[in-house]
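This note sets out points for a colleague who is new to the structure. Please read them with the sequence and the coordinates at hand.

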Amino acid sequence: MQVDQTDLAYLYSLRELGILEDVARHRLPARTKGGTQIVSCADSDQFNDIYQRHIHLSGCSRCAPLNHYGGALVIPSHSPASALGQSELVKDQLFLGYALGKGDVQVHVSHFPCGVAAGYGLSARACLMLLCDARDDALDFFQKRIENIANYLENAAHFDHMECEQICLATKLPLREVLAIQRVVRCSSIETLQSIVMPSDDTVLSHFHINWENDKRRTYHLNRKRFKEFAKTQRQDAA
């Protein structure tokens, strides 16, 4: 699959503006004691490049791949690529890995061109917007889950003989969330969950893997701040 000429020109302009930056060792967080979780597309023609390059640059061999067709495009709940509910599943898996100490760094990866993106008519710009939204959506999910766990643990002493429906009433949480929390509690420890904190900003990375002309492949770090400013300027110019 080749990159459309309009998308190609757009991506080259982002390179020149420093919005898409070469992935380098100094841009990867040093704090990887708990390992890394990589959300990437299950496309076997792309994933090996992405995975091996990250291991080489980060020096971290504890990398857990969370592969879904569409990669990080499925993380935002409003993404068309998450029409079957993959968004909540991926974020739930990311949180469980984080709670178990298996991934204190998240790498959200989208590649382009991508069959899933093409299937939903997503341009390079639309993919990058979703990649930006993936970080915000994932962190919002983490914040709510941590608050809900605190709520659950506060009342946990009374749950021994309660049915799930009664726990939902006591915590004011939906059944799906109660079941998700119970799984985390079983897999981790109450002590760990009582001290769990939000991931820091520098441990959630956005990477864009491009298959340029002549099958030249490169992975870039998306500078989200610059990209949002650039997108805002484009909207203002269009208006």
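1. Two strands are taken to pair if DSSP finds at least two bridges between them. Helices (H or I, at least four residues) and strands (E, at least two) are DSSP runs, numbered from the N terminus. The model is a predicted one, in which local features need pLDDT of at least 70, side-chain atom pairs count only at pLDDT 80 or more, and totals for chains, interfaces and linings use all residues. Residues are numbered from 1 along each chain as its sequence is written, and side-chain values use heavy atoms, with hydrogens and water left out.

2. Strand S2 (residues 36-40) runs parallel to strand S3 (residues 63-67), and 5 bridges join the two. Within this pairing Gln37 stands opposite Ala64 of S3, and Ile38 stands opposite Pro65 of S3. S2 is also parallel to strand S4 (residues 105-112), to which 4 bridges join it. Gln37 has a bridge partner in S4 as well, namely Gln106.

3. The accessibility terms used below are as follows: buried means under 20% relative accessible area, exposed over 50%, and partly exposed in between (1.4 Å probe, protein chains only). In S2, 5 of the 5 residues are buried, so the strand is largely enclosed by the rest of the structure. Both of its faces are covered, with Thr36, Ile38 and Ser40 buried on one side and Gln37 and Val39 buried on the other. In a regular strand the side chains alternate between the two faces of the sheet.

4. Helix H3 (residues 86-99) has 14 residues and reaches 20 Å from its first C-alpha to its last. This is close to the expected 20 Å, the expected span being 1.5 Å times one less than the number of residues. Because 10 of its 14 residues are buried, H3 is largely enclosed by the rest of the structure. Among the buried residues are Val90, Leu94, Phe95 and Tyr98. The buried residues of H3 pack against S2, S3, S4, H5, H7 and helix H8 (190-194). Just after H3, Gly101 takes a positive phi of about 75 degrees.

5. How many salt bridges does the model contain? The count comes to 12, where a salt bridge is a side-chain nitrogen of Lys or Arg within 4 Å of a carboxyl oxygen of Asp or Glu. One of them joins Glu88 and Arg176, whose closest N and O atoms are 3.1 Å apart. Glu88 lies in H3 and Arg176 in helix H7 (residues 175-187), so this pair ties together parts that are 88 residues apart in sequence. Glu88 is partly exposed at 33% relative accessibility, and Arg176 is exposed at 58%.

6. Lys91 forms a salt bridge with Asp137, with 2.4 Å between the closest N and O atoms. Since Lys91 lies in H3 and Asp137 in helix H5 (residues 124-155), the pair ties together parts that are 46 residues apart in sequence. Lys91 is buried, at 6% relative accessibility, and Asp137 is buried at 15%.

7. Asp92 and Arg145 meet through their side chains in a salt bridge of 3.0 Å, N to O. This pair links distant parts of the chain, with Asp92 in H3 and Arg145 in H5, 53 residues apart. Asp92 has 10% relative accessibility and counts as buried; Arg145, at 1%, is buried too. A network of salt bridges links Asp92, Arg145, Glu177 and Arg183.

8. Two further residues may be inspected. Thr171, in helix H6 (residues 164-171), is buried at 3% relative accessibility. Its side chain reaches the backbone oxygen of Ile167 at 2.8 Å. Thr171 also touches Asn151, Tyr152, Phe159 and Val178, not counting residues up to four places away in sequence; contact means heavy atoms within 4.5 Å. Gly115 lies in helix H4 (residues 115-119) and is partly exposed, with a relative accessible area of 46%. The C-alpha atoms of Gly115 and Asp43 are separated by 9.0 Å, although these residues are 72 residues apart along the chain.

Note on methods
A polar contact is a pair of N or O atoms within 3.5 Å; within protein, one must be able to donate a hydrogen and the other to accept it, and residues adjacent in sequence count only if both atoms are side-chain atoms.
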